[in-house]
Amino acid sequence: MPRSETLWSQSLIQFRDAVAEPSPTPSCGAAAVVSANLGLALVLMALRTSQTKHPQAERGVLIRQVESLLHRLADYADADVLAFADYMEALRHDESQAPNRQRAARKTSAVSLDGARCCAQALALAIDARRYTASALVSDIEAGALLVHAGLSALLINLDVDLRELVDKEERQRLHMARQQVQEEADQRLAQVRATGH
């Protein structure tokens, strides 16, 4: 994908077929972000529908927060493609400990971790959204949260692979601990979303 383009200009069929191609990108990270973004879109739909029927100021504030996060999360799909393309380029030309390859590995690690953190924020908003959603739309909140959680978990799987490339053991350990914290928070938040709905 040219750097001036975005995955979000493609149709769903084009994106699906691009993921299925035997090429480095788009792959797991981009697919994970798109899945999470669709999940958050479901949460937003439930909030907007509830707001249309029974307007509330508090819900309006929450809707704006979800709208903002939806766009921020979407950016990680393109960021993943670009970071992984740079990593593959470094892989072709550099030894494992070469500065360029290490920088590229740090970049892919950062994109995966930051994208997962953004998903964790989305799950926190889903908890709040459940309280402001009509009962008939609770299933959309739960389904959306499941998609967000799946995307987050897939990004962290990406991170696990990225960390193997890092030579600095302390850096690897620090990022691994951060990864564990994000996963634990996400698991707890998903459980809250689902428990609140029953």
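Reply: Arg 16 counts as exposed, because its relative accessibility is 51% (exposed means over 50% relative accessible area, buried under 20% and partly exposed in between, with a 1.4 Å probe and protein chains only). Its partner in a salt bridge is Asp 17, at 3.0 Å from N to O; a salt bridge here is a side-chain nitrogen of Lys or Arg within 4 Å of a carboxyl oxygen of Asp or Glu. Asp 17, at 35%, is partly exposed.

A quick word on the ground rules: this is a predicted model, in which local features need pLDDT of at least 70 and side-chain atom pairs count only at pLDDT 80 or more, while totals for chains, interfaces and linings use all residues. Residues are numbered from 1 along each chain as its sequence is written, and side-chain values use heavy atoms, leaving out hydrogens and water.

By that rule there are eight salt bridges. Another of them joins Asp 128 to Arg 131 at 2.9 Å, N to O. These two sit about one helical turn from each other, because they are three residues apart in helix 4 (helices are DSSP runs of H or I with at least four residues, strands are runs of E with at least two, and both are numbered from the N terminus). Asp 128 is partly exposed at 26%, whereas Arg 131 is exposed at 55%.

Then there is Arg 194 with Glu 142, a salt bridge at 3.9 Å, N to O. This pair ties together distant parts of the chain, 52 residues apart, with Arg 194 in helix 6 (residues 169-196) and Glu 142 in helix 5. Arg 194 is partly exposed at 37%, but Glu 142 is buried, since its relative accessibility is 10%.
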